Amino acid sequence: MAFDSVLGHERIRGLLGRALDSGRVPHAMLFAGSEGVGKKALALALGRALLCERPRSGPCEECSFCRRTRKALDGLPAAREAATEDNKKEDDALRFNFRLHPDLILVEQPWRRREDGTLRPQGVLVNQVREIVQGVRSAPFEAQRRVYVLDEAHTITDAAGNTLLKSLEEPPAHTHFVLVTQSPQGLLRTIRSRCQQFRFGPLGAALIERELVEKAGVDPALAHVQAAMADGSLRSALEFQSGEWGRWRETMLALLEAASGGLPVLQRMETADALKDADDDEKALALKALRSLLRDVAALRQGADPARILNADEGARLARLGGTRLGERAVAVAEAVSETSRALAGNANALLAFDLLMDAVAC
Ligand SMILES: [Zn+2]
């Protein structure tokens, strides 16, 4: 099967494999679909295959191009972290144009640490796009083609988008663009219309479950529950294995336990402060952890099998919570958590949003 390093999406993988084998890969593509389903992974696999010396419905993984791009991809998390720490001035955004090879460039939106210590995304900036547009004019350095993968393309600012447009309209024969986005409506219409669109659906729960068991070594019973809760996103499912998830889940579980006996004011304030100071990703993770615990408490009260809840390893503590007054309110508090997520997405004042949430947990 074409591009078998990527999970699911057989139809799109097949289409791209055939396009690759016949030398007819479009010059401007848009990969659209929800988060964590493998759009960027397939965009990068396609980019590597376009550079590869002997592609066979995907990168051969053996030629010098494949070996170099694989190594660069392995180093990407460290490069991203270094770029984030260095991102102080406008020009530093160029560090987020990652050269996985001189002819395979991944453009991500820059992150910057603010004075309060939190990390904030900035959107793909015009100077990042200017660098691409200048590069497009010259021939590829070593490969037969040059490929640009633009991640989170909906964050491209309008100024940057207009700069990009010309290159998308008349791309040189050796150049390919893959724009990756979870919200295609956020792109300039003129950009969308220049691209061949590929729509990525959610991954099947069975597929995610198998991946969790085989690749991440998750216990099969737990993998079944986690896959069902991941909304078709492998990234969400893998998040459940992370240390951050474990830490926030413990913080939230302790909060609920305290709340069941009348939440001390100091702990309320401390938790609201910790949440306010967390990065956006962590805030989302913390709220997801809290919601999952409340969902489990409600399910246990209704007689769910303790082996079939998301936080089955904390089943005893959750069952105890189910018997308290907090247990009676679990569904309503879970709704308050969802409300907090929506408020934050709408740029509400974070401290106020978390204070309100603590109110809902406490009373
Ligand atoms: Zn190769």
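**Interface between the domains**

I looked up the area buried between domain 1 and domain 2 and found about 400 Å², of which carbon and sulfur atoms give 44%. I take buried area as the accessible area (1.4 Å probe) that two parts lose on being put together, summed over both. The model is predicted: local features need pLDDT of at least 70, side-chain atom pairs count only at pLDDT 80 or more, and totals for chains, interfaces and linings use all residues. Residues are numbered from 1 along each chain as its sequence is written, and side-chain values use heavy atoms, with hydrogens and water left out.

I noted the bounds as 10–201 for domain 1 and 242–362 for domain 2; such bounds come from an automatic or database domain assignment. The C-alpha centres of the two domains are 37 Å apart.

I then listed contacts (heavy atoms within 4.5 Å). On the side of domain 1, 6 residues are in contact with 7 residues of domain 2.

I searched for salt bridges, meaning a side-chain nitrogen of Lys or Arg within 4 Å of a carboxyl oxygen of Asp or Glu. The rule finds 1 salt bridge across the interface of domain 1 and domain 2. I also recorded that the side chains of R120 and D280 form a salt bridge at 3.0 Å, N to O.

For polar contacts I used pairs of N or O atoms within 3.5 Å; within protein, one must be able to donate a hydrogen and the other to accept it, and residues adjacent in sequence count only if both atoms are side-chain atoms. Across this interface there are 2 residue pairs in polar contact, both at pLDDT 80 or more. Strand β5 (residues 119–121) supplies 3 residues, the largest share of the side of domain 1 that touches domain 2. Strands are DSSP runs (E, at least two residues), numbered from the N terminus.

**Aromatic pairs**

I paired rings of Phe, Tyr and Trp (its six-membered ring) with centres within 6.5 Å; planes under 30 degrees apart count as stacked, over 60 as edge-to-face and the rest as tilted. F31 and F198 are edge-to-face, 5.5 Å centre to centre with 75° between the planes. F31 lies in strand β1 (residues 28–33) and F198 in strand β8 (residues 196–200), so this pair ties together parts 167 residues apart in sequence.

I recorded F240 and W245 as another edge-to-face pair, 4.8 Å centre to centre and 70° between the planes. Both F240 and W245 are buried.

Terms used. Helices (H or I, at least four residues) and strands (E, at least two) are DSSP runs, numbered from the N terminus. Buried means under 20% relative accessible area, exposed over 50%, partly exposed in between (1.4 Å probe, protein chains only).
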